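Please open the structure in your viewer and keep the selection tool at hand.

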Amino acid sequence: MTVKQKIWRITRPVLRPMGGAIIVGLFYLLRLFPIRKNKVIACVSAGRRYDDNQKFIMDELHRLRPDVDVVWVKDPKYAYALPEWMRTVNWRSWRWLYEYATAKIWTNNCIEPAYFSKRRGQLYVETWHGGLGIKKVAPDMTGQLAYSKREAATLKNAVDMADVLISNSDHLSVIYRQGFKFHGPIWKCGYPKNDMLVRNDPGDGERARRELGIPMTHKVLLYAPTWRLRFQQEERIDMEVYNLDMQRLKRALTERFGGEWTMLIRFHPDLRLFAKGCREAHPDVMDVTDYQDMQRLLMAADVMVSDYSSCIFDAALRRIPCFTYATDFCQYKDEERGVYYEMEELPFPYATNNDELERNVMAFDEEDYLKKWDAFTVRMGLNETGHAARDIAEKMADFLDGKEVSWNNDYPVQNQSL
């Protein structure tokens, strides 16, 4: 441990509360400035990316109302491009506090800091980010790594502030009611990020292929596994849970579906520094972890493989073959977060090792798969319209114009059973 680290370890218990008090005080002081009636601030994953529901809502809002001042929260540690018409503000800067204090509309895909307080006349649209998901979200987590009391307080504050929660399914609406303890309007209008997948325009996939240099004649496999909470507590991240044999899978895909295949792998953003070994082991596999637009990657894919990521449900909206590959399900279920489904309940053929995955690919029955997927969407009450971003943007524009906005609270407040 360096001298600097030792000093920080000693002073941290004193300095952190002091710093927090200063930030809270500054935020409330900035609330003395008037609300700007034409400003919207959007944040995705604490400023780490330009994607998810907020990207598509802001795109639609700009098309609808080019005069709106759109501010995107950006963590300067992450490099990504933004449209010229969009302003940026650095996450956790004093200016960040000012933009929140004076914006007419807030929208986030996670939750706002616990000390944030919405002013009268401001609108907060919370979209969350999972939709149909395997892994339990924070308030429902049952594993040993369940979230802390501090995280619970932060979530409660954000939920209490929200004017509406955006849902794409009865499944997610139940989580909002039972887990988040949210009793306000839930608008089951669909997820804006999934509009592209519902419309299924081949041009969106072709754009991703051009940007990545993938031949248009090739078929594409996308492997996109998710993060493990236990990695935060381990000195060494065990990448063995991502031991999918890409070469073996490529041979199976070629034999079952024919054609030339390009193999893509997209790790969770927090794994980009630890994925080097996997990339070296598979030099002919394209690493697309840093490709910003996940939805266009899904549009470019012909087959999808994941473990517990909700992106597999997004991909299935295109009705392409999707497979689950998870070597640590029991550990993930019992020790980490807990899950909403057993893997066998899902419509996706499930494998715990490379032998099983190869067999699942070779035995893939498209008709049976699509029947199971359709039945699953009915059971989950899925509602994806293909125009959710436009619908939400129109509501925001009405609010900016001073009109009264009502949300379709189409899910009952009383508890439902998952």
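Begin by selecting helix α2 (residues 52-64) together with helix α15 (residues 388-400) in this predicted model. Their axes come within 8 Å and cross at roughly 60 degrees. An angle counts as roughly parallel under 35 degrees and as roughly perpendicular from 65 to 115; α2 and α15 are therefore oblique to each other. The crossing of the two helices is right-handed.

Which residues of α2 meet α15? Display the side chains of F56, I57, M58, E60, L61 and L64, which are the ones contributed by α2. On the side of α15, the residues they meet are A389, R390, I392, A393, E394, M396 and A397.

Next, select strand β11 (residues 303-306). In a regular strand the side chains alternate between the two faces of the sheet. In β11, V303 and V305 point one way, while M304 and S306 point the other way. Are these four residues buried or exposed? All of them are buried.

Seven strands form an open sheet with parallel pairing, in the order β3-β2-β1-β4-β5-β6-β7. Select β3 (87-90) and β7 (186-187), which stand at the edges. Each has a single partner strand, so one side of each is left without a neighbour in the sheet.

Within this sheet, select strand β5 (residues 123-126) and strand β6 (residues 164-166). They pair in the parallel sense over two bridges, and V125 stands opposite V164 of β6.

Finally, select the whole chain. How many helices and strands does the chain have? There are 15 helices and 13 strands. Of the 418 residues in the chain, 54% are buried. Among contacts between residues at least 6 apart in sequence, 68% join residues at least 24 apart.

Note on methods
Residues are numbered from 1 along each chain as its sequence is written. This is a predicted model: local features need pLDDT of at least 70, side-chain atom pairs count only at pLDDT 80 or more; totals for chains, interfaces and linings use all residues. Side-chain values use heavy atoms; hydrogens and water are left out. Buried means under 20% relative accessible area, exposed over 50%, partly exposed in between (1.4 Å probe, protein chains only). Axes are lines fitted to C-alpha atoms, for helices over the stretch in contact, and angles run from 0 to 180 degrees between N-to-C directions. Angles under 35 degrees count as roughly parallel, over 145 as roughly antiparallel, 65 to 115 as roughly perpendicular and the rest as oblique. A crossing is left-handed if the near helix is turned anticlockwise from the far one by less than a right angle, and right-handed if clockwise. Contact means heavy atoms within 4.5 Å. Two strands pair if DSSP finds at least two bridges between them.
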